[in-house]
Every structure is written in structure tokens, then in C-alpha cells.
Amino acid sequence: MSSEIFNPNPTIFAPTKSARSLPPGVRLHSLWLDDGENRDEEQDDSNAFEAIDQDEIFELIRSISDPEHRNMSLEQLAVVSAPQITFDERNSDRLTVEFTPTVPHCGMSTFIGLSIRVRLLRSLPTRYKIDIRVKPGSHQSEHALNKQLNDKERVAAALENPALLEVLEQCLSTVGRDVDAIDT
Amino acid sequence: MEALQRVVRTWIASEQEEDVNTAVSEVDNGNASLLDLVKALGEYLTSEEDELRTKGVEFLSLVLSKCLPQKLNRQSVRVLVNFYCGKLEDTENIIPALKGLIPLTSMPAFASTDAIEVVRALVNHVKMKALVQSQRFMVYTIVDTLVAKHRDALKSLGKEFLSGYISLAEGEKDPRNLLLAFAIDRVLLLEFDISAHVEHLFNITLCYFPITFRPPPDDPYGITTDDLKNALSACLNSTPLLGPLAIPLFLEKLTAGAPVTKRDTLKALDSCLPVYGPSVARTHARKLWNTLKLEIFQPTDSATEQAALHTAQVLIKTLYSADEAENKGSEDIEGLAKDACEECIQILREPEKSQAKPAIKVMCAFMETTPSVARFTLAQVTPHLVKLFLDPDELPNRGPTLRLLADVIVAARDSMPKDPEVLPAEEDIPLAPYKDEVLGVLTVGLTARSSAQSALDGLKALVTTRGLLTDEELGFVVHKVNELLQDGQEENEDISDAALDLLTTISVSAPRHVSETTLPLFFGSLPDHAPARDDQAARLKYWRTLSSLATLCKQSDLFETLVVRLLTKLDLVCDSAPAASGDIEPSAAYAHSILRTIADVLEAKIKLGHADVVKYIDRLVPRVYNLFIYSALVSEGALLVATEPRLVAVAARVITLVVQTLSAQRQEPFVAALFAAYVHGDVKQLAEGHQKIPSHTRFEPFDVEASSSQKNLLALFSAAVVGLHKEVPLPVSDEAAFLDMLLRWVVTVADNALQRDAVVHTISSIVNKRIEGLSAFLTDKLDVFWTTQVASTTQPPEKRREAILTWTWVTKALLVRGDPRAADHVDRFFQLFGDEEISWAAARAIGGVVAADNLLTKKNHAVIKFLYAQKYCTSVLPRIIEGAKSTDGSKQQNAHLVALTSIIKSVPKAVYVHQMPTLMPLLLRGLDLPDYEIRASVIDTLLATAEGSSSSATKESSILAEHASSLVSTMLKNSTVKDMPSVRVRISALRFLAVLPSAMRYDVLHPQKAVVLRELAKVLDDPKKAVRKEAVEARTNWYKFTG
């Protein structure tokens, strides 16, 4: 890893809340407020399928730390956002995750892409086929980057590199945590 | 003399402790003098043989260290000092000589001249490098004693002593010696004229900075890193003379060190800078600031960042405190604070960038330094941010700008003196000069979505600054917040939360504004009639409004308004004629939400200890009774909103909450009115309200013939009784007979769970509190109840299960108060374990009797004995374990397993944790029981164990480790939708798998890793979102888990 800093003073964006909260006790599709009893049975009875959606995938990657600014998440730097995650209309198992480097010459972009790839590899069912690309026009070597990130062999080779893997694990160590917890 | 000689001879030969003691007592008794001893030792002390000579001196030193100090006169001390100093030259005798000098130097007869002689001898003859640690320790002990007792003599030696000591102390490495050396160093630095030796003293103290010593495990000497750090730090901050040398060293450690070193250095700077003083600080101010800046703007971690900010404050205080007097009133300052502020302002020109945050932190930190710097900082940053906010080009950055401004207001507020008694004068409020413009931009900020949150934070800091805003201005803020709430309440939940929080804060000091302008707004938006069943949006709207009101109306004036307005609303909703469709459920649900809001606020108020809850026994409770009794009486045949059982249940909660806050004296008349209504049908004293209770129908809920809606109202009876103090007698002629009536009522009259629970709770509460007159009831009546209702197989199983529940509650009443009769009650449950129909219900009751509940609580004035759950477990656990292990019939065994899981679920972990090794195999078997509820609770128990063991590497983790592979495979099976339909169990199992890596050593789990990752990959495709979330978490933890 080079020690060059590509963007020492990036713009910060306010994170969005994970989900809109309802007043306590409110259950949609019910007339009644919940009294805190008999909750479990209701939850248990159906195993109706809840599809994996944009928000669920965004939830997985929003709190990855930026490799250059460890105390900030990709979401805070607006590198990733929910609308940049799209499903293929013909095949719901194919999805594209687009991300936006903070500056066009950002040398960390490959690494960011790789950390998103690894996070999704570990957290999504194997049936998914994921494309990871930089936002068109947001990086000077966009084409090379996209190619690199979606080349199975090269991703696998990168993951064989112990030094790289260590930094990667550090960036991933913040995932799943509350956004507010990182932001201190 | 003869005797002494003999003693000496035997000691030389055998070195026995008792010989020393004999000699000591000889001297102490006055039978011999020390001089005699010296004579007796004569031949040895002068012997040519090294070994003999050493032994001779050793013996003398040993006696010296043990005999009474006053036995030595000036003369003897003089002689001995001379003698020992001479022996220091003799390399063979240094060690025993040092041993002798230690007691000698602390003798009262030891004079200053002796001190000088000893020091000279030490300096000239002792070669520290040739000595081992314990011997060097003796040297330090001697110097320490001399410094303590003969300081002036040593001072008179001047350079000779200082350079001599420095040469002794140089190169010391052992922590035990260093602790002593640092103590000596501090005295020298503080009191001696060290101007010529600063550099040398620096060399024997600062070379140890930072302390990196780590005590070995089980260190017998008990010296900690902190002991050394503190001792060294006491040297470093002892004199300003060290400053010019120390600061460059600190700077070097700050730039190059690891985070721990950095924090140590910052801490040292914090304590040293004020001592070193402004002139030293000024020389290095720039360099220090540049280094600190790096730690603040590119922090390695937040602890170091905080420490650096604090050091920056210390630096500024050191620099400016002295000039404070002259600067009073002047707006301008010179030097570092000015430069630093300007640097930060420069960065703050881009408020949206990441560097703006540390910059504002620096400025906020400056506000807590000296008054002139604080004034200057605020005068720089506030107008800058205000101007930025108003700049049309910066429109998109208004959110971040206000975020920064809010931080500034908080810092300005916190920099004020905190004495709550004194209202600060205007000139003591830092923000006072900028109040109008700040208030202006904040209220403008409220109107835009992107900046509203920050504006609210800023306003909150503003209104909590004491003495700043006038009442009128508070009214203005409330008005602006009201507008915000009206505009975008539904779209933005976070903002309305923050807005309510702000209003709540204001209502503490100025409730008038909120009650006059905000509340009408909310009440106005509550509909008078429930929205139709399919109008989800309208329902969500009133839920939000009620939830906002609940947050807002805890203050007593506001709560009073809330109760009045909501009761009116409740009457309206309940009175309204049923819609054409006859569907009253939406109305009932609306009424339920209203009552629930009142109950929630009451509960919050009780938690906050508000005293005004009591008065609602007159203002709220009679209205509730009136509404429900009226509805029950007139409902015969017709549908009425307030007869809905769920509504009755929430009304019961309201009543309990109010009744439990009353004193026993106030409860008595209330109970009289309650019984008059429920037992004698006289409702006039209990119920009061605008619905007129009909006189032609009688209210007699205990009657066999009573309608179900009347009987449901026993829930409101029970709600009042369970909150009574134990001193309050029931207004009946015979409490036992009353209980007997209730018991029979439960069995024969009750027709739903609400009624049964109500009456059983009443019985339980009365048994718990008023047991004195009930022994006949407890033995005879209950025994009959058991035989006919529980044990008798002629009863249908459903009835028997209900009876078990009744039995559980009575047992519970006895158990929590530590009554011995509980044991017999519990014993009867065990007798049912062979009964096919109800064995599981009985087994669950074993845990049920100690499970936490809302009824027999301290708040409800129940009689509760300390540690009753522990005692209960100690008595039944062995029996259950025995039964679960035995092999006579799997039914009995399973019942015991069920009992085990239910009891473990009900008691705190500490109660059973020491039994874990025995319990573990049983719990694993419990995981095979075909009941999801049980499985989930077993997994939760295991989860608690695993979480406990991750914090401490204890026995628990070894218990888990023993069963690692079976645990992993069972949990995997319980987490796949194919094998486990229950979502709850799947989630629990995945949570357990997620904590496992942190609870066990890698080598134990390593064989499982591949399987877990592969199996969890399948769970990632679970149909339920909540399960997938846990699966991701678990799988991530296992990926991270490496050796």
C-alpha cells in the first residue's frame, strides 16, 4: 500500500437512518397497539419469503470503513448509496453495485471495490452474481478498474496476499456496527 | 561478656537466628553494651580470613537491626559509623556493612556529621555496578533515610552530594530500586540547589520516560506500571528547570511513539507544562502546537485525540493565565491562541469537509481555557459561521455549518460556571453578545430539511444555557418548532423526535409556552372518532400524535392538560354510536391507544419520581371506573366500545399505576369505595363522570348470573387491590372467607382468561401481603382445591391446567415472602410429573413460580424476601437434576428437563452458574425436546453462558469447549429453515453461533470452521430478513476467527 494520501479532506455526508421507525408498539396492518405480550407467536407462524432488496444490501456495505479515513464509513463519504444498487430486471439473482470514488484519481478505488466484493461474497447467498463498478465518469481509469474488480482470478489472487487481506479485514471490522458508533 | 562470646562463637559456626536474638536481648536488657559485643566479636572483625571477617560484621549488623535504637548512645553511634564507613572500603565487607548502616542511619543518636561521613563513604567506595539488586536497594534505602532526616546536612555538601548521588543512581534498571530512586530524585529536584546539575538529574530521570515496564505475571513485588509512572511523573513536574530539556524529548516521543507512548507523553505534558511555566511553554509553543495538531487532525484513535485536545488546553492555559489580569476586557490576544484560531477558521471555510470537525473541536477546547482566549475564540468562530450560513453561495452547506455552530454553542454553555444556585450575570454568559444572530440563523435553519436536525441541536444547547434566553425568546423558539412539527412530521421521524426533545427541555423551565401553543396543535390533530378500519394512514397519524404527546407531557402542568384532554376524547370515542356497519373495533382500538398513552406517561412519571401522580386518584381513576362500569351496565345486548376486554386490560394498568403511588392512609378510603362498588353494588363513591350510571341495573360482577362484560371489570378490581400496602385491611368481615369465595369463583364462574387472571392475581396479592389470618385457608381450602381441581383426573385437562396456574400464583405469593409453606406447594408439582396429561404444565410451573412478574413487585408493595430465588433454586435444582438423569421412564425424565429449562429461564444466571458442568449435558438434551419455546429458551441460556465466558476466560468457557462440536452441529441444525420452522429458534441459534468465536480458543473450534462457513452460507438464503441478518453477523465472525 502506498502512503500517498489521495484526498486528505473529503466532504462528509449525513448518514440516512437505517429504517423509518414507528411509534412504540405500532404494528402495521393491525388496529391495535401491541401490549408487549404474545409477540413471539405472531412472528413465528409464517415463513413467507421476504425477498432480499436494495436496502438490505446497502445495509451490508454502508458501514465498511474507508481505507484512507478509517474512522469514516463509505456511506458518510457518499462512496456507496442505496440507489446505486440495482437488480437485473430479467434475472433477480444478478445485481450491480456501483460506487463513487471521492476524487477521480483515487488510488484506493480498487481496494474499496474489493472490500465491497468480499463483504458481499461473505454475506449473500451463493446464487447471486454481483457486478461491482465505479460510477461512470467518476474515475480516470474507470475501465481498467471495472475489469479488475469483476475478474474472478484477480480477486482471488488479491485475497491470497496476506498484507492486503489484513488491511481488508480492518476495513471490514466496522461492518454491521451502528453508524453512530463509528462516527465519534 | 562470657555469655556473649559463647553466643558469637556458636553463631559463627551455625548461623542460627536464635543466637542473634539472644545477643539482642542481652543488649536490650542492659546486661551487655554494644561495645561489649564489638569486643566479643573482636577477633572476627579483624580476622585476616575474608569469610570470618564478613561473618563478624554480618552478626554485628544483624544485632544492630534488631536491638532497641535508644540503647545506642551518641558515642556508640559515632564509633559504629566510623567502623562501618571503614568497612565500606573493604570489598568483602560492603554487604554486611550496608546492612548495618540501614538501622544505624535511622537511630536518634545518628547526627548530621555522621550523615556527611556516610554519604562520603558511599560515594567514594560503593561501586553500584558491582552490586546486585537487593544490595543496591540497601544503598538507596540509606540515601533515602539520610535525605529524609538530615536534608540540611546534605544540602551543605552541595555539589559533592549531588554529583555523588547521580553517579550512584546512574544506570539503575530495577523497578523496585527505581521507585525509591524516583522518590529521592523528586526531593533533590524540589529542594536542593540543582542549577549546576540539571542535565545530570535529567539524565537519571527522563531517560526512563516513557515507562514501558510491564510487571511479570504473578509479580511477587506488586509493583505496577502505574506506580512507576506516577513516581516518575512526580519527578518530571517538580521543577521548571527541567522544562527546556524535557519538552524536546516529549516532542520527539510524540512524533515517533506508539499510541500508548503518545498518551503517556500527553499526560506528562499536562502535568508538567503548568510547572514549567509560560516562558518555557512560549519557547516551544509553535512546535508543541504543530505536533498536537497532527494528533487532533489525523488522530490515531479517539483516546489519543481527546488527550491531545486536553494538552492543547493546558498549553493555552499555561501561556495565557499569567497575562489574564492585564488582558481583562480586551478583545484581542497575541501569540499561539490567535494563530491557532486563525488556522482553524481557515479550515472552517469549508464546513462540509472532514477537517472541519477537528477544527471545531480545537476551538471548542479553547473555550474552556482562559477567559480572554475563550472570548477571543468565540468572537472569531461565531460570526464566521453565521456569515457562512448567510452566504448565498454556501446554501448547500447550511446543514454542516449549523452542525458546527451547535458544537460551539454546547462548548460555550459548558464553559460557564456550573453552580446551579447562582444565575449568571449577562457578562458571564459568553454567548450573550451573539444571541440574536445565532438565534436568527438557527430558526432559519429549522425550515430546511437538511439543516433542521443541527438547528434543533443548536437550539437545545441555546435554551439550556442558563440565563441566556428571555421568556419571550423561548416562546419564539417554541413557535418555530411548532411550525416545523406541523410541516414535516410524517416525513421525518428523526427530526420530530429531536423537536419533541427540545420542547420537553423547554417545558421543564417554561411549560406555559408549550401548553399554550404546542399542545393545542397536537390535540387539534387527534380525530374525535376513530378512522375507518381500512384507513391505515389516519391511524398511523393519530398513533404518531399520541406518541408525541406521551414524550412531551411528563411535566406536571402538561400532564394535567393531557389527562383532561384525553379523557374528554376518550368519552367522545366511547360514546359515539356504532358506525352503520356496526364495526366498533376501530373505535375500541383508538380508545385503547388513548388509555395506553396515559398509562405510558404515568409509568414514565413514576420512574422519574414525580409527586403529582397521587392526585390522579381523584382526577383520573373515578372517570375510568365510571366509563367502564357505565358501559358494562348499559351494554346488555348492545355493542359498546368500552366493553372490549383489551380496553379493560389497559385501563387496569392505569389504575394500578395510580393506586400504587398512594400512601396507606389514602388507600383506605379508596378501598372502602372499591369494595362498596364491587361487593355491595354501590358505585357512587368509586365512579364519577359524565356518563350517568343507570339505577335500574345493578352492578354485581361477582354474581353467578352477571354478564360477561360485568365480570370482565374484575380486572379493574384486581388492578386496585394488587397495588395496596400490606397495612391496608380489606373492608370485609373475614378475609379468609373472601379469598375462599374468590377461589370458588375462579373455578366455577369465570368464563375467560381476563377474569381468571384478575381474580387469581387478587388472591395472590392478598396472600402475599395479609398472610396472618389466612393459615386455615392455606391449609384446608387450598388442599381441597388441589385434590379436586388439580390432582383429580376426572377434571378435563384444560381445567386442570388452569388450576395449576392458580396454584402457581398462590405458591408464588408464599415463595417471594420466604414462607416455608411454599416448599410443600412446589412439592405437589413434582407429584404430577408422571401424569401424562399435565406433566409438562406442572413442570413449567416449577420455573413459573420464580419467574419475574409485574404483580408481586416492590412497586406494588409486595412482601419480598431477599435472595428468595437463590434459596428456591438451591432447594429444587438438585432434585430436578437427579430426576433428569434417572432412567425410569422417559416421560418423567422429559418433565424434569422441562422443569429445568423453565427454572433456568426464570432466575438470574448467577444462581445456577456454578452448576453449569452438571447442567450442560442436560441442556443439550433439552435441545432435542419437540417444543420450540423450550429450545429457544435453552439456546438463550447457552448464549448467556457464552457471552459471559467471552468477557472472562473462566471455567464457563471450558464447559462450552468440552461440548464444542456437539453444540456447533446442534445449533447449525436449529438454524436452517429446512430443519427448524420456528423463526425465534433460528435467530437464537444463529446468535449463539455468532458469539461462539469470541467465547472459545481458536484451536478448539478450528475443526468446525469450514463446516460452519459452508452451512451458514445456506442460511444466508433464509426466507426471513431477520434471520438473514443474524446469519450474516455469525458468518462474519467466523470468517474473522483465526488462530
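Which residue of β2(A) does T86(A) stand opposite? To find out, start with the ground rules. This is a predicted model in which local features need pLDDT of at least 70, side-chain atom pairs count only at pLDDT 80 or more, and totals for chains, interfaces and linings use all residues. Residues are numbered from 1 along each chain as its sequence is written, chains are lettered from A and ligands numbered from 1 in the order in which they are written, and side-chain values use heavy atoms, leaving out hydrogens and water.

Let's look at chain A. Here β1, β2 and β3 form, in that order, an open sheet with mixed pairing; strands are DSSP runs of E with at least two residues, and helices are runs of H or I with at least four, numbered from the N terminus. Two strands pair if DSSP finds at least two bridges between them. The edges are β1(A) (85-87) and β3(A) (129-134), each pairing on one side only. Between β1(A) and β2(A) (residues 94-99), which run antiparallel, there are three bridges. And the opening answer: T86(A) faces T96(A).

Helix α2(A) (residues 54-61) packs on this sheet, touching β1(A) and β2(A), with its direction at about 140° to that of β1(A). Contact means heavy atoms within 4.5 Å; axes are lines fitted to C-alpha atoms, for helices over the stretch in contact, and angles run from 0 to 180 degrees between N-to-C directions. Helix α3(A) (residues 109-123) lies across β2(A) and β3(A), at about 145° to β2(A).

Now turn to chain B. Over residues 38-298, chain B is 74% helix and 0% strand.
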